Structure formats: C-alpha cells, structure tokens
Amino acid sequence: MGITEADLRWWLSGYNPNNIMIGVVASHSALQILHGAKKEGFKTLGIAVGADKRRLYSAFPGSEPDEWLMLDDYQDLKNQEDWLKKKNVVIIPHGSLVEYLGADTFSKLEVPTFGNREILRWESSREKQRIWLEDAGCTTPKVIRDPRDIDSPVIVKYAGAKGGRGYFIARDYRDFRRNVNLDHEFTIQEYVLGCRYYLHFFFDPLAEDGYQVHGIKSHAGRNLGRLELMSMDRRDESNVDEFYKLGSLRDLREMSLEPSFVVTGNMPVVLRESLLPEAFRLAEGVVAHSFELEEGARGMIGAFCLETIVTDKLEFRVFEISARIVAGSNPFVSGSSYSDINESGMSTGRRIARCIKKAIETSELDRILS
Ligand code: AMP
C-alpha cells in the first residue's frame, strides 16, 4: 500500500508551514530547483552521495543548498525519513531520484513530496502511458506487436533503458533480427519522421484564473486548475544527431555503425505559434484524463512534459509523457520565451517553489503534495 492522503495530512500536521525546507537530490534538474527555491525564499537541502557532488555545487553559489544530507547510498534515504520530517522537508522528485531509489521505494518514501506520486506509476509503464495519452486525444506512434509485420522504419526500445541507450532502428524484419537482444523486454514503435519538441507544462490545481482545464467524466463541468506552458527544448542525442555527417544509412551500415539515442544535453526551442492551440489541446486532455486514471485519482499536479514529434503534415505524435520536472527545462533557469511573457525569470524549478509558497499561504499544502 502506497502513501495515503491521510498519511500526508498526518505528517503535515507536525510541520511548521513557516519553516518549510525544499529538499532535492543533487542531480538532474537540482541546480534549477534549488535556484528557484532560493528565489522564492525557501531554505534548501541538498541530498547527495559522494563529496564530489557537494564540491560541484560550490561552483554554483546561486544554487548551493543551505544544508546537505550526505548519504553512503541513496537507499539510506529510507532511514532518514524522521530526520527529514523533523526538518520540515518537502522533497521535489525528479528523474534521478526515482531512478536511484527505484519507483517502488520512492512511492513508499515517508516524506512529503511535491506532486502526485501515484501518477508516476502510470508514467513508468509504456503500456499505461499509451492508454492515458490516447484516451486524452493524443496520437501516439503505432506499436508493432509482431516483428514480422515491420514494413517501414521502426525504433526498438528496451524496457527500463535509460536515456535512449540501447535503442535501435530497424528497416525490416531482417534488420530487427540482426540487432535485437531477445533477453530483454522491448517495444517496437513506428519511427516517426519529423522534428522533436519536448513541451514543458505546469498544472496548478490551486489557481482559478488563466487557461483553465475543464474536467471530464467524474469532474465534468468543473474547472480543475490552470495550465501553463513553461518552456520547450530539444534534446541533443549522441550519436544520432551527428550521424548525417558520415553519409547515408547504407554507408553507415557498411562501417558497422548503428545510431544511438543517448541524451547528452538540451537546447531551447519555440513552436510556430499556429501549433500552440494543438499543443494546449493535447496537454489539457492529458491533465483532464489524469483525474480519470482510476477511481478517486488525484490527477496531475505540477510539472509535466509531453515528448512529441511534429511531422511535415504539422501533426503531433506524442511518444512519451513525464509527470514531473524534466531535465529539458534546465536551459531556462532565468525564464523562457513562454514563461517570461507572464513573469520574467520564472523557471519550472521556481514555479514549483512558487506553487508551494502559495499553498502555504492558503493552508492547502495537502492539495499539491503526496
Ligand atoms: P524515449 O526514451 O522514448 O524518450 O526516446 C528517446 C529518443 O528516441 C527520443 O528523444 C527520440 O529522439 C527517439 N524516438 C523515440 N521514439 C521515437 C519514435 N517513435 N520515432 C522517432 N524517434 C523516436
């Protein structure tokens, strides 16, 4: 059994709302999160394994945490739950925290965390994601169940592969057979040709103005909260992004080279404005459906990212969703072309801190934490 809303309320009853400390594992998007938390006036805690991390953060005084919790192993976080609660810590989860702890341990961590932990269960299964995205009105890349049906380029993704490592492209069944490692679980997806855009949204269930998400089914007719577009990036992926320099795919095969999709960095992008209504339609559908994922679902809270490819027909294919802050928001520590329109200097990390700050003011922390 995971953390219940009653557990959360019980922990919060022992918290001093005027002394909340933002805690984050020093990796992934932590520089941005700590910077944003400091800007919003919070005390901050860095959590790390190894002195190197701590030293690295001394290179960025604007993000250096007020305190450190140094561990021998990230699993030891489980033994620090009482200490963290005594310190009024709210943990901001990101991809590395979930990876280091494991989704199961993270879901049971007895410390208040920002966002809805339950939703990360949906995010961590490709099949569940697909159901959620398609119900929400997103077109996802076609899945090929039987490799013998491959009749156009596909991308083969191994379960649990991190950062695109080990993915491969196959043009036909023979190609697939030649490359596949049958010891691992995999999904075969249609390879969508187009430009990648990673759309960083923020859903604030406490805000009653702005672009309101309309509830469906169990929440029909209700305004659920405000949807904001924070920023957009495109990932640098090694080595696929530089592959073209060596010639055609055939030339590359002759050199026994296969593309890989390992993320090494991120670049800011903007969408042509005429695509924004569709981007919002997709994100609104995803949020509205997050409240229908199961009986009594708490829905999306905070940052999420739609990973998309826009084809030359100007159609979006959504190939993945992250229901938390993504590292692609890191280029925007001092704001983006979108967030700056509303308030200059607003990063996703800072927006999280702002959301917590507002919830403290209105005594609604239990609505944005889990
Ligand atoms: P993912 O692990 O699903 O985020 O995918 C890693 C990378 O693989 C993406 O950033 C894309 O460059 C590429 N990719 C994933 N799915 C597709 C697809 N269906 N078609 C084309 N490229 C894809």
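Which two side chains does a polar contact of 3.2 Å join? They are Gln-189 and Lys-157, where a polar contact means a pair of N or O atoms within 3.5 Å; within protein, one atom must be able to donate a hydrogen and the other to accept it, and residues adjacent in sequence count only if both atoms are side-chain atoms. Before we go on, keep in mind that this is a predicted model, so local features need pLDDT of at least 70 and side-chain atom pairs count only at pLDDT 80 or more, while totals for chains, interfaces and linings use all residues. Residues are numbered from 1 along each chain as its sequence is written, and side-chain values use heavy atoms, with hydrogens and water left out.

**Around the ligand**

- The ligand is surrounded by 17 residues, and the closest are Lys-157, Tyr-167, Tyr-198, Glu-237 and Glu-320; to count as near, a residue needs one of its heavy atoms within 4 Å of the molecule.
- Lys-157 shows up here again: one of its polar side-chain atoms sits 2.8 Å from an oxygen atom of the ligand.
- Tyr-198 also points a polar side-chain atom at a ligand oxygen, at 2.4 Å.
- With Glu-190 it's a polar backbone atom instead, and that atom is 3.0 Å from a nitrogen atom of the ligand.
- Taken alone, the ligand exposes 480 Å², and the protein buries 96% of that (accessible areas come from the Shrake-Rupley method with a 1.4 Å probe; for residues, only the protein chains shown count as cover).
- Strands E5 (154-158), E7 (186-190), E8 (195-204), E10 (223-239), E12 (302-310) and E13 (316-322) are the elements that give two or more residues to the shell; helices (H or I, at least four residues) and strands (E, at least two) are DSSP runs, numbered from the N terminus.
- Sorted by class, the shell has nine nonpolar, one polar and seven charged residues. Here Ala, Val, Leu, Ile, Met, Phe, Trp, Tyr, Cys and Pro count as nonpolar, Asp, Glu, Lys and Arg as charged, and the others, Gly among them, as polar.
- The ligand lies between domain 1 (5-138 + 195-235 + 267-367) and domain 2 (147-191 + 239-263), because both give residues to its shell; the domain bounds come from an automatic or database domain assignment.

**Back to Gln-189**

- You'll find Gln-189 in strand E7.
- Gln-189 is buried, with a relative accessible area of 7% (buried means under 20%, exposed over 50%, and partly exposed in between, with a 1.4 Å probe and protein chains only).

**Cysteines**

- A disulfide is a covalent bond between the sulfur atoms of two cysteines. The structure holds zero disulfides, with the cut-off set at a pair of cysteine sulfur atoms within 2.5 Å.
- Cys-138 is in no disulfide, and the nearest cysteine sulfur, that of Cys-305, is 12 Å away. Cys-138 counts as buried, at 5% relative accessibility.
- For Cys-355, the closest cysteine sulfur is also in Cys-305, but 18 Å is too far for a bond. Cys-355 is buried, with a relative accessible area of 1%.

- Most residues other than glycine have a negative phi, and most peptide bonds are trans.
- The peptide bond from Ser-238 to Asn-239 is cis, with omega near 10 degrees, and Asn-239 is in strand E10.
- Lys-217 isn't glycine, yet its phi is positive, near 40 degrees. Lys-217 lies in the loop between strand E9 (212-214) and E10, and it counts as exposed at 59% relative accessibility.
- Ser-363 has a positive phi too, near 55 degrees. Ser-363 sits in the segment after helix H13 (348-361) and is exposed, with a relative accessible area of 63%.
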